[in-house]
Amino acid sequence: MRNYTEEINRRRTFAIISHPDAGKTTLTEKFLLYGGAINLAGSVKGKATARHAVSDWMEIEKERGISVTSSVLQFEYDGYCINILDTPGHQDFSEDTYRTLMAADSAVMVIDASKGVEAQTRKLFKVCGMRGIPIFTFINKLDRDANDTFELLDDIEKELGIATCPVNWPIGSGKAFQGVYDREKKCVIAYSDTEKGTKEGKTTEVPVEDEAHLRSLLGEEAADKLLGEIELLDGASAEFDLEAVRAGKLTPVCFGSALTNFGVEIFLQHFLHMTTMPLPRKADIGIIEPTEHDFSAFVFKIQANMNKAHRDRIAFMRICSGKFDASMEVHHVQGNKVMRLSQPQQIMADERKILAEAYAGDIIGVFDPGIFSIGDTLCMPKEKFCYEGIPTFAPEHFARVKQVDTMKRKQFVKGIEQIAQEGAIQIFQEFNTGMEEIIVGVVGVLQFDVLKYRLENEYNVEIRLENLPYEHIRWIENKEEVDLAKLTGTSDMKKVKDMKGNPLLLFVNSWSIGMTLDRNPGLKLAEFSRN
Ligand code: G4P
């Protein structure tokens, strides 16, 4: 039996980020395979089928064959208890994707070796950067023709502004892919065509010192190239520095092919050695260390209507300290109530299981009768503190909401406010008017459909959405110092306010933002809000 501290120390909670199709699902699946959590590849996703198994909650998901919600997977490997937070991609990209990163202690960034850094990775990376969490890079698809390795690393450094430190180095790519060179062990790990979906096949390890063997294994040309690259690399790349990795300033990079199962276990092992146990978190009473306090958690996501018949919601919380036990009474700080969390559950790839206990680092989902909001803190009644709030991220798509039947005003306002409270959408009003005109902002366009669908199905209200040309929104950081009436922006700028009355500005393009800043010296604009 492990004791309490050991349980917390062995937890590793991370999010996987990537641009769609870089191989995030395939990599996750291989991790689960090594951990013995699944026996067969294809269990996490067989696009249409298993994605449903992950989260078969909303009709809209079924209709479109995509998952709107992000899920959590837990598995064991080499004594570690690992929680993977999946960040939804494609068009189901939403604010939830960003919030999920708030619950993780590190991130794994998957990059397609033939594409380099892509748009969605850039966005998610920004949020990781904001928190300064460690980022580990897996460059995938080496079994296909890849970009030059130095260029790939250069791309990460330039695009994302983070130094890279290759843990290993690929030998060729595509048909000529022969394996990786392990920089620490100073040996070549050769790639043998491993069978799809099974554990890693037998690999051969040859020390580079044994040059004759190396040349016979790789061939003269590839061996020459590798030896040249090693020399260059040892001279040019950043020194490995664990402190810098943990501060999110240096990313260790591994290469491989998730599909053919090469390099995945090597990556997992390096990653687990370098990443951290659950990180301390900031609260109003100071820093909360995971092992020094009793149970505490914060809500980072609310999932509505998992069971349509009951109109229920599940609040997902990240445990930040201590041990959770289903029988205990906890304090909901924002609601100022002591309660038992009902039906605590863990949402796994293909099932939900009721939990008896969980530890700092774990994610639990609890039944929410409509009392929780994103960012709420739960802790023990005797402690009473409050975690730092989760920021509100800037939506990138905006639409004006028109009610088709104006008689149903009350249901409409109730519905849209509830959906906004869950954090699926953000709502704004014209600066000088009330709820007559509502503008809705979303991070991913699918949320517009979700809003329309839910208002119709749950609140019996039909709406029409008129797309607006705005692409950027900015909070006014120094709102006390700014006279909004006198603020002069570009002609296409729009002044709005959020539900809490905070003033915001909408812009059609980034040029207008720059122009507005130029015209109003002293104005400070922010891309996210902590209010
Ligand atoms: P995502 O979650 O990041 O969106 O990516 P996913 O794992 O779904 O992978 C996207 C596609 O890339 C899939 O092919 C997958 O099989 C393929 N893939 C993933 N890793 C590798 C790799 O290391 N090498 C190669 N060659 N391909 C890889 P698909 O045809 O779109 O889907 P499927 O029918 O194979 O599931």
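I started with one rule: a contact means heavy atoms within 4.5 Å. With that rule, residues 24 or more positions apart account for 71% of the contacts in the protein with a separation of 6 or more.

**Ground rules**

I am reading a predicted model, where local features need pLDDT of at least 70 and side-chain atom pairs count only at pLDDT 80 or more, while totals for chains, interfaces and linings use all residues. I number residues from 1 along each chain as its sequence is written, and side-chain values use heavy atoms, with hydrogens and water left out.

**Overview**

I looked up the secondary structure and found 14 helices and 33 strands. Both are DSSP runs numbered from the N terminus: helices are H or I with at least four residues, strands are E with at least two.

Next I checked burial (buried is under 20% relative accessible area, exposed over 50%, partly exposed in between, with a 1.4 Å probe and protein chains only). Of the 531 residues in the protein, 56% are buried.

The accessible surface comes to about 22,600 Å², and carbon and sulfur atoms hold 48% of that. These areas come from the Shrake-Rupley method with a 1.4 Å probe, and for residues only the protein chains shown count as cover.

**Cysteines**

How many disulfides does the structure hold? I found zero, taking a disulfide as a pair of cysteine sulfur atoms within 2.5 Å. For background, a disulfide is a covalent bond between the sulfur atoms of two cysteines.

I then looked at Cys254. Its closest cysteine sulfur is in Cys165, 9.9 Å away, and that is too far for a bond. Cys254 is buried at 2% relative accessibility. Cys320 is buried too, with a relative accessible area of 0%.

**Aromatic pairs**

I moved on to rings of Phe, Tyr and Trp (its six-membered ring), which pair if their centres lie within 6.5 Å; planes under 30 degrees apart are stacked, over 60 edge-to-face, and the rest tilted. The count comes to 17 aromatic pairs.

I opened Phe150 and Trp169: the ring centres are 4.7 Å apart and the planes meet at 55°, so this pair is tilted. The pair links distant parts of the chain, with Phe150 in helix 7 (residues 149-160) and Trp169 in strand 7 (residues 168-171), 19 residues apart. Phe150 is partly exposed at 27% relative accessible area, whereas Trp169 is buried at 0%.

My next pair was Phe177 and Phe262, which is edge-to-face, 5.6 Å centre to centre with 85° between the planes. Phe177 sits in the loop between strand 7 and strand 8 (179-182), and Phe262 in the loop between strand 11 (250-255) and helix 11 (264-274), 85 residues apart. Phe177 is buried at 5% relative accessibility, and Phe262 is buried at 0%.

I also noted a cluster, in which ring pairs link Phe14, Phe31, Phe136, Phe138, Phe267 and Phe271.

I checked helix lengths against an expected span of 1.5 Å times one less than the number of residues. Helix 12 (residues 409-422) has 14 residues that should span 20 Å, and its end C-alpha atoms are 20 Å apart, which agrees. Its buried residues include Phe412, Ile416 and Ile419. Gly423 follows helix 12 with a positive phi, near 90°.

Helix 13 (residues 446-459) should also span 20 Å, and its end C-alpha atoms are 19 Å apart, which agrees. Is helix 13 largely enclosed or exposed? I found 10 of its 14 residues buried, so helix 13 is largely enclosed by the rest of the structure. Among those buried are Leu446, Phe448, Arg454 and Tyr459. Just after helix 13, Asn460 takes a positive phi of about 60°.

Gln411 gave me a link between these regions. Gln411 is in helix 12 and is partly exposed at 34%. Leaving out residues up to four places away in sequence, Gln411 touches Tyr459 and Val461. Gln411 and Asn460 are 49 residues apart in sequence and 7.8 Å apart in space, C-alpha to C-alpha.

**Arg400**

I finished at Arg400, in strand 25 (residues 397-403). Arg400 counts as buried at 18% relative accessibility. Beyond residues up to four places away in sequence, Arg400 touches several others, including Glu430, Glu437, Glu466 and Lys494.
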